[in-house]
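The following briefing is intended for a reader who is new to this structure. Please view the sequence and the model together with the points below.

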Amino acid sequence: MCGIVGYTGHREAYPVILKGLKRLEYRGYDSSGVALLNDGLKVYKKKGKVVELEESVVSENLHAHIGIGHTRWATHGEPSDRNAHPHLSNSGELAMIHNGIIENYVSIKNDLLKKGYTFKSDTDTEVLLNFIEDIKKNNGGTLEEALRIALKRIVGAYCILLISNENPETIIAARKGSPLVIGIGKGEHFLASDASPIIEYTKEVVYVNDYEIAIVRPDELILKNLGNEKQTPFITKLDIELAAIEKGGYDHFMLKEINEQPETIYDCLRGRLLPDVGQIMMAGVENNLAALTNANRMVIVACGTSWHAGLIAEYVIEELCRIPVEVEYASEFRYRNPVVNKGDVIIAISQSGETADTLVALESAKQKGAFIFGVVNAVGSSIARLSDAGAYTHSGPEIGVASTKAFTGQLAVLLMMALKIGYAKGTIDDERYIHLMNELNTVPEKVKEILADTSNIKRIAEKYKDANDFLFLGRGYNFPIALEGALKLKEISYIHAEGYPAAEMKHGPIALVEEKLPVVFVATKDSYYEKIVSNVQEIKARKGKVIAVATFADAVIPSMADDVMFVPDADEIVAPLLSVVPLQLLSYYVGVAKGYDVDKPRNLAKSVTVE
Ligand code: G6P
């Protein structure tokens, strides 16, 4: 993870970098720092959030037209001032920031120690920097040459930005596995981990590819591969607006993003779901219909919240398309030598499109001949580019670390995909196809209904905020929603929470039930309803507190539950898009009531680019 920003041009570099770091803080926020180049390198760094760095430099002279900045999510070395980036090389001539991990840093460090190098931090980054310095010293060539040699010898992932006293206008950047975008201005260039620090200055960007080095000056951008061959930069136009990455009057990004869901789900469906003409227009599916309908099986690979979207997709695809589906944690799939054959379709789900576990899992599946379909939110991201085909979720930038609107966007895409494939295969009839399209089409309005008055959910959150544990239970399509509800609560409020299939509860978790345990049931009206009513009774008989997500107009569940959060009625296949919303709000309000930073929960990062 980690966020990186660089600037070279006619403006003051520090304000551009600082603002950029604040926008990238979702990527890591345990320490931050900047290096500015103006008559020599100056480095300022501080443990804690970017605002603490800002406060610590108010009395400094920060004038410079070139600089690099970093906000960190610690991998090697605890969060501290000295482990914060940028790092300076032993000679003080080079400064560098890095997002990623250098796996063979120990052996390199040992060699450098033998040569007399010293290290001020515990980071792998400082090792790589001095390795570059050492190569340059021994070979006598340019910094760019030394970097190229170093990159060929290291194992791991990186996006690095490097500045030096000897090149007072130049930032040298390189990437493998961690994202890098370069914004092109008039007589200036901006470098960042994603486009959010760039969009207020320019909409023209270049996404740097793996194994590329960029030499960036105010008036010049040169891209080369590791073989020193020039590459043509491919300029893309950003289509996001500044407002999309600002809070817009909400207290937190998370609340803003929960509230955006009627529009983001609508944006996802718009132009694709056409119930009036009985069509679903998805080019990624349409152009690969044979590969998808004839798939021997589908394997969904994802992490975190995206993995929960995958679990729901498993139920839906098996039901509507009769194709066997497996859902895998990307990190496990990657390392356990899975059987992947030609004819398998791998569906990768990722909000950021940069999650290292997912990316690496896909690379190996691709090598084995699988067809990769990406369901991604971040346009132009690594997973989007690696996929053979795909569909964007069009949820807009998601800044809150805990995923909300991206999840409902993923569900909307996956449901449309399943409907389209099932209909093409003939595994669903016309009536069901049209019915489900209409049901999906009404989701934005129904989410709006849930969001119209959230005071009851806030009250429930305040009532239970001091509980030590929560249990979340659901069946069928709502089982993954129970998992997601538990994950959200853990992430935001630091309360221990477990999600379980409601029926599985009696095989263990029921031992936890007592008066103080809140049990959240996702108990909407579906084909499992009668069964879940019995499960609620089993909890009540043991004096557990029941909080239910129930369907408006249902009388039975509300008569048994201690507290109820209502959602509109919907076909069970689209119901998860609704039942997740009260759970997002519940965790949000619990986190706020406990006084936590819900947008930046401790230890987490939004884009996890370490394996
Ligand atoms: C991190 C985030 C989660 C997210 C997961 C997968 O852990 O904190 O919110 O669900 O990564 O991220 P992706 O971008 O691949 O969906």
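Asn-603 is placed in the segment after helix 21 (576-593); helices (H or I, at least four residues) and strands (E, at least two) are DSSP runs, numbered from the N terminus. The model is a predicted one, in which local features need pLDDT of at least 70, side-chain atom pairs count only at pLDDT 80 or more, and totals for chains, interfaces and linings use all residues. Residues are numbered from 1 along each chain as its sequence is written, and side-chain values use heavy atoms, with hydrogens and water left out.

**Backbone features in loops and segments**

- Although Asn-603 is not a glycine, its phi is positive, at about 70 degrees.
- Asn-603 is exposed, with a relative accessible area of 63%; buried means under 20% relative accessible area, exposed over 50%, and partly exposed in between (1.4 Å probe, protein chains only).
- Asp-39 is likewise not a glycine, and has a positive phi of about 60 degrees.
- The loop between strand 2 and strand 3 holds Asp-39, which counts as exposed at 84% relative accessibility.
- His-85 and Pro-86 are joined by a cis peptide bond, with omega about 0 degrees.
- Pro-86 belongs to the loop between strand 4 and strand 5 (87-88).

- Eight strands, in the order 3-2-4-1-10-9-11-15, make up an open sheet with antiparallel pairing; two strands pair if DSSP finds at least two bridges between them.
- Strand 3 (41-47) and strand 15 (235-237) are the edge strands, each pairing on one side only.
- From one strand to the next, the twist averages 20 degrees.
- Ser-31 has Arg-72 of strand 4 opposite to it.
- Helix 1 (residues 13-23) packs on the sheet and touches strand 1 (3-8), strand 2, strand 4 and strand 10 (189-192); contact means heavy atoms within 4.5 Å.
- The direction of helix 1 makes about 20 degrees with that of strand 4; axes are lines fitted to C-alpha atoms, for helices over the stretch in contact, and angles run from 0 to 180 degrees between N-to-C directions.

**Strand 12 and its partners**

- Of the 6 residues of strand 12 (residues 212-217), 5 are buried, so this strand is largely enclosed by the rest of the structure.
- Strand 8 (residues 167-176) runs antiparallel to strand 12 and is joined to it by 5 bridges.
- Arg-175 has Glu-212 in strand 12 as its bridge partner.
- Strand 13 (residues 220-225) also runs antiparallel to strand 12, with 6 bridges joining the two.
- Asn-225 in strand 13 stands opposite Glu-212.
- A hairpin is formed by strand 12 and strand 13, with 2 residues between them.

**Helix 7 against helix 16**

- Two packed helices are described by the angle between their axes and the distance between the axes.
- The axes of helix 7 (residues 261-269) and helix 16 (residues 443-452) cross at roughly 175 degrees and come within 8 Å.
- Helix 7 and helix 16 are therefore roughly antiparallel to each other; angles under 35 degrees count as roughly parallel, over 145 as roughly antiparallel, 65 to 115 as roughly perpendicular and the rest as oblique.
- On the side of helix 7, Gln-261, Pro-262, Ile-265, Tyr-266 and Leu-269 meet Val-443, Pro-444, Val-447, Lys-448 and Leu-451 of helix 16.
- The residues of this contact comprise 8 nonpolar, 1 polar and 1 charged; Ala, Val, Leu, Ile, Met, Phe, Trp, Tyr, Cys and Pro count as nonpolar, Asp, Glu, Lys and Arg as charged, and the others, Gly among them, as polar.

**Helix 12**

- Helix 12 (residues 356-367) has 12 residues and reaches 17 Å from its first C-alpha to its last, close to the 16 Å expected at 1.5 Å a residue; the expected span is 1.5 Å times one less than the number of residues.
- Helix 12 is mostly covered, with 9 of its 12 residues buried, among them Asp-357, Leu-359 and Ser-364.
- The cover over the buried residues of helix 12 includes strand 18 (297-302), helix 11 (330-335), strand 20 (344-350), strand 21 (371-376) and helix 13 (382-386).
- Gly-369, which follows helix 12, has a positive phi near 95 degrees.

**Glu-491**

- Helix 18 (residues 479-493) contains Glu-491, which is buried, with a relative accessible area of 16%.
- Not counting residues up to four places away in sequence, Glu-491 touches Ala-402, Pro-601 and Leu-604.
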